[in-house]
Amino acid sequence: MTTAFDPIDLSGTRLANRIAMAPMTRSRAGEGGTATDLVAEYYAQRASAGLIITEGVQPSVVGQGYPSTPGLHSAEQVASWRKVTAAVHAAGGRIFAQLMHAGRIGHPDLLPDGLTPVSASAVRPAGRLFTGTGMADFTTPRELTGDEVRQTVADFAAAARNAIDAGFDGVELHGANGYLIHQFLAPNTNLRDDEWGGPDEARIRFAVEVVKAVAAEIGAERTGLRISPGNPYNDIDEPAPDAVYTALVREIEPLGLAYLHVLEAVQIRELTLALRKQFSGTFVLSALTDGPTGPDDHSVVDDGLADIIAYGALFIANPDLPARLKAGGPFNTPDPSTFFGGGAKGYVDYPALDDAQVQAVQ
C-alpha cells in the first residue's frame, strides 16, 4: 500500500514524501515586495516536506491584495527569492512558487500610482480587509478590457519564467479562494458577455489560457493548478460547480501538468472523487475536515483519494511535520499570534523528537 511517507516522482522531480506544505499568506515581504532572510529561514525550516508551495506571490503590481506580500515581477524580487530557493534546496527540499493575482480582493491603498483592483467584472465584494494601516471596505474593481485580460495572461507567464530564474522547481497557479482566476470561473463575479464570460464553457477560458501560457513558458511538468470548487471564501457564489470544474479539468488534462491541487472547502466529496478520476496526473488534496488538516488526515493517500496531502497550520506549528506524523507526534498547537509579520517560527518551542523517534522515521 502506498502511504504519505513514500517518495513520488512529480513529473521528473523526485519528492522525498507525499506530504506538501500548503500555500499560506505570511505578509513578511521586504521593501518592493522582496523576499527577506526571514522568508528564507521560514521555508528552509520546513524543507522536509515532500513539496513546499509558497505563499501567494503576485505576478504583477496590480495583482497585490494584502500588505507586505512578495512579488515575482521585478529583477529585485527575482534576486531576493534566490536565497530562499537555495536555502530550501541545501536542506534537501523542493519548492514551487504559488502565483496569485488577488483581483478584486485588494484596495487602492495597497497599490501605487493611482491603481485600483481589477477583476473579471465590476462587482464589489462584501466585507473589509486590512490595508496595513487599518481596516477598509472593499472597493468596486475595474473590469479588465479584452486586451488587459490577454496582458494578464502574459503577466502570469512572465512571472512563471521569473520563478524558474529564481531557482524554484515549478509554480502553482492559484485558481482558488476567490482570487482572480476564481473570479473568472464563478458566475457571481464574471458577468461578461464577451469571449471571457457567459456559459460554463466560456468562464473557464481565462483559467485555461493562463495554464496553457505558463506551461508553454516553463513546461507543463513544472506547472500546477489549485482550485476550490464551490468555495464561498471572498464572497464567491458557485451554486452548481460541477459543470464548470469538470469542463476545466477536461481542458487541462491533455497538457500533462505536474499536478492538480484541490482545496475542499465545502461538502462536495463526490466532485473531488470525480475530478480525481478525470485527472490522470498527480492529485494533491487539501482535505475538508472539522478544522485545519490534522495528524490522521494523511490517510487520504493510503485510501487512494490523493497522491499528495497538503498541510497548512499544522506545518507552521511543526516545521519537521513529516517526521512527527510518522512518529505519531508530539505535535505543537499552532500559535496564530506568530503567523504574520516578524518571527519565522510560527510556533512556541516544544520538545524535540527523541533519538528513537528520529531513527524510526529516517
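Which helix holds the place of proline 322? We'll get to that in point 2, after a word on the model.

1. A quick orientation. This is a predicted model, where local features need pLDDT of at least 70, side-chain atom pairs count only at pLDDT 80 or more, and totals for chains, interfaces and linings use all residues. Residues are numbered from 1 along each chain as its sequence is written, and side-chain values use heavy atoms, with hydrogens and water left out.

2. Proline 322. Its place is in helix H11, residues 321–327 (helices, H or I, are DSSP runs of at least four residues and strands, E, of at least two, numbered from the N terminus). Proline 322 is buried, with a relative accessible area of 8%; buried means under 20%, exposed over 50%, and partly exposed in between, using a 1.4 Å probe and protein chains only. Beyond its neighbours within four places in sequence, proline 322 is in contact with Phe5, Asn17, Ile19, Ser48, Ala49 and Phe315, contact meaning heavy atoms within 4.5 Å.

3. Histidine 182. Look for this one in helix H4, residues 180–185. Histidine 182 is buried too, at a relative accessible area of 0%. A polar atom of its side chain lies 2.9 Å from the backbone nitrogen of glycine 178. Setting aside residues up to four places away in sequence, histidine 182 touches several others, including Gly175, Asn177, Ser228, Glu238 and Tyr245.

4. The largest pocket. Its volume is about 900 Å³. A pocket here is an open set of points on a 1 Å grid over the protein atoms alone, where a 1.4 Å probe fits, with protein on both sides within 12 Å along at least five of seven lines; lining residues have an atom within 4 Å of a point. The volume is the space filled by probe spheres set on the points, which are joined across faces, edges and corners. There are 35 lining residues, and Pro23, Met24, Asn177, Arg226 and Leu263 lie nearest the centre. Strand E14 (308–311) and helix H10 (313–317) each supply at least two residues of that lining.

5. The protein averages a pLDDT of 92, and 92% of the residues score at least 70; pLDDT is the predictor's confidence in each residue, from 0 to 100. Confidence is highest in strand E5 (residues 95–99), at 99, and lowest in helix H12 (residues 355–361), at a mean of 41. Over residues 348–362, pLDDT stays under 50. Where pLDDT is low, the predicted coordinates should not be read in detail.

How values were computed. A polar contact is a pair of N or O atoms within 3.5 Å; within protein, one must be able to donate a hydrogen and the other to accept it, and residues adjacent in sequence count only if both atoms are side-chain atoms.
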